[in-house]
Amino acid sequence: MDAPTISPERERQRLVLEAELEATGRVPCRTGSVVSRAIWTSDEAIDQQNAAERCGPCPLLAACRTYGLAWPAELGVYGGLTETGRRGGQRRTPASSARRRRRRTTPLMRVPEGPKACTRCGEMKAPGEFRRDARKSDGRRPSCRACDNLARRGLAA
Ligand code: SF4
Ligand SMILES: [Zn+2]
């Protein structure tokens, strides 16, 4: 289970990071097409490794890494570190990869993952642009991260 209780401290730190991201403008994970940005939140280790390398020139690398290490439950790449890297640097063994696949395919394979329209902004976006929600039929929230982030700050239209 996720979502209902995100700690206030994590939320506070996330908003600080979000504000810094906006102030900085173009950072690698928010530059380029929807598809090219999706590697930061991909389930595939190879995608995340790719994304982690592209964090290199990001001006927010240090702050982003601090956040990602403080909250290892966050999905995806933060500050040049993959999910696995942030969770203790353990490399996946074939056995753990199989466990992970079994865990993940159950809820997520019910509907093939492809671009879908955000219910708030209406834009077609890649699956990685939607946060996970195991309760939804496609395993993702109906509204996109960008819209969710605005909604969290009470800025939604
Ligand atoms: S360091 Fe963080 S903000 Fe910068 S590109 Fe990587 S994930 Fe994005
Ligand atoms: Zn949206």
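In what order do the elements of the protein chain run from the N terminus on?

## Overall fold

In this predicted model, the elements of the protein chain run α-α-α-α-α-α-β-β-α from the N terminus on, which comprises seven helices and two strands. The protein chain has 157 residues, of which 21% count as buried. Among the contacts with a separation of 6 or more, 48% are between residues 24 or more positions apart.

## Helix α4 and its buried side

Helix α4 spans residues 61–70, and within this helix Cys 64, Tyr 67 and Gly 68 are buried. These three residues lie on the same side of α4, because they cover an arc of only 95° around the axis. The partners against which the buried residues of α4 pack are α1, residues 8–24, and α5, residues 83–86.

## The largest nonpolar core

In soluble globular proteins, nonpolar side chains tend to be buried together. Here the largest nonpolar core has 13 residues, and those that touch the most other members are Trp 40, Ala 51, Ala 52, Cys 55, Cys 64, Val 77 and Tyr 78. Two or more residues of this core come from each of α3, residues 45–54, and α4.

## The surroundings of ligand 1

Ligand 1 is surrounded by 14 residues, of which Pro 28, Cys 29, Cys 55, Cys 58 and Cys 64 are the closest. Sorted by class, the shell around this ligand holds 12 nonpolar and two polar residues, with no charged residues.

Terms used: Residues are numbered from 1 along each chain as its sequence is written. Chains are lettered from A and ligands numbered from 1 in the order in which they are written. This is a predicted model: local features need pLDDT of at least 70, side-chain atom pairs count only at pLDDT 80 or more; totals for chains, interfaces and linings use all residues. A residue is near a molecule or strand if its C-beta atom, placed from the backbone, lies within 6 Å of it. Ala, Val, Leu, Ile, Met, Phe, Trp, Tyr, Cys and Pro count as nonpolar, Asp, Glu, Lys and Arg as charged, and the others, Gly among them, as polar. A residue is buried if 20 or more other C-beta atoms lie within 10 Å of its own, exposed if 12 or fewer, and partly exposed in between; C-beta atoms are placed from the backbone. Helices (H or I, at least four residues) and strands (E, at least two) are DSSP runs, numbered from the N terminus. The arc is that of the directions from the helix axis to the C-beta atoms. Two residues are in contact if their C-beta atoms, placed from the backbone, lie within 7 Å. A nonpolar core is a set of buried Ala, Val, Leu, Ile, Met, Phe, Trp, Tyr and Cys residues joined through C-beta atoms within 7 Å.
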